[in-house]
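Dear colleague,

I am handing over the structure below, together with some notes on what was found in it. Please look through it with the notes beside you.

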Amino acid sequence: MQFLHNPDIDFVKWRRIPIVLSLIIMFGGLVTIVFKGFHYSIEFTGGTLVQVAFAKGQTVDMAKMRSALTEAGLAPEIQTISSGGKVSYSLREKGDEKAMEAVSNKTMDVLTKAFPEASPVLEKKDMVGPVVGKDLKRKTYWAIFLSLMGIVIYLAFRFSNPLWGFTGVVELFHDVIGVAAFFCIMGTEIDLLIVTALLTIAGYSVHDTIIIFDRIRENLRIKRGANFGEIVNASINETLSRTIITVLTVQTVCIILLIFGGPVMRNFSLAMVLGNILGTYSSIAATATLIYEWETHWGGKKAAEPAAPLKGGKPQPKKQKGYA
């Protein structure tokens, strides 16, 4: 299936516009995160967890539950837990250990009044301490750092050139920082679902980049004699249709989740939608052209050198170090 037939867009000619735009997104996002800071959920800061079930495992109206709790001055994160046909509700409210008893009692009172016919039952109440939250935050940062390092090593090994690995990581760093900065500006709570979405965006983004890098490496062997700019343009255009179809497929699922997934899935699906847009833009317009910029202006002229003549008079391409 072809979405675009033989596109011929000169990405290299207009490369500096997306590169500058990406730099603005990346450094603007970093400045926003450093000065504004994240609004962490109770997994990272500590709070009370109350798990409630209703008589005979029946489900209740989530909007009504949320409205009743809000009117009572409670603003918990609500998550539905299904296990073996049984449905429970996990309610997480920020607060210290002293407030745990009061919060759990108040939550049960509100639910009993809101759903008298459903007979709510307290299954579990627990406290996530601030020490546990700090430990989880530290492990989350380590997970993100080790994931990025793993991607650098993989790309450097795959393309026999650390520069390509570094460029791929800069791109996914740009995508993750862009989405994280958006949530930072909006004041959205950063919970484990958003962290999961950010790591998913990183994996998805670098996958798209690898497809384009692979085509560039293949074209370096096939299109001998062509300059590096022509090869980069040809590689992006040849993969453009595949990229658009793949992204539209993923984006359709994410948008459906965003619209119909309910409050629990909303931030996760919103992060995926934004990450898909940023990842697609950076893979197509910024990453490969950044490689071109480096190879032809910052890292030497080897990639752009013309083919060396053979003894028989026919041109013989010069082997380019690092692209084997």
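F183 is buried, with a relative accessible area of 0%, whereas F182 is partly exposed at 29%; please keep in mind throughout that this is a predicted model. The two residues are also partners, since the ring centres of F182 and F183 lie 5.6 Å apart with their planes at 75 degrees, and because planes over 60 degrees apart count as edge-to-face, the pair of F182 and F183 is edge-to-face.

Counted by the rule for ring centres within 6.5 Å, there are six aromatic pairs in the model. One of these joins W142 and F145, again edge-to-face, with 5.8 Å from centre to centre and 85 degrees between the planes. Both W142 and F145 belong to helix α5, which covers residues 130-158, and they sit three residues apart, about one turn of the helix.

W142 and F145 come up once more on the surface, where they form a nonpolar patch with L146 and M149, and the four residues together have about 420 Å² of accessible area.

Elsewhere in the model, F54, Y89 and F115 are linked into a cluster by ring pairs.

Technical notes:
Residues numbered from 1 in each chain as written. Predicted model: local features only at pLDDT ≥ 70, side-chain atom pairs only at ≥ 80, totals over all residues. Heavy atoms only, no water. Phe/Tyr/Trp six-rings, centres within 6.5 Å; stacked < 30°, edge-to-face > 60°. Helix = DSSP H or I, 4+ residues; strand = E, 2+ residues; numbered from the N terminus. Buried < 20%, exposed > 50% of the residue type's maximum accessible area, 1.4 Å probe, protein only. Patch = residues over 30% accessible without salt bridge, like charges linked within 9 Å, V, L, I, M, F, W, Y side chains within 5 Å. Areas by Shrake-Rupley, 256 points an atom, 1.4 Å probe, with all protein chains shown as cover. Salt bridge = Lys/Arg side-chain N within 4 Å of Asp/Glu carboxyl O.
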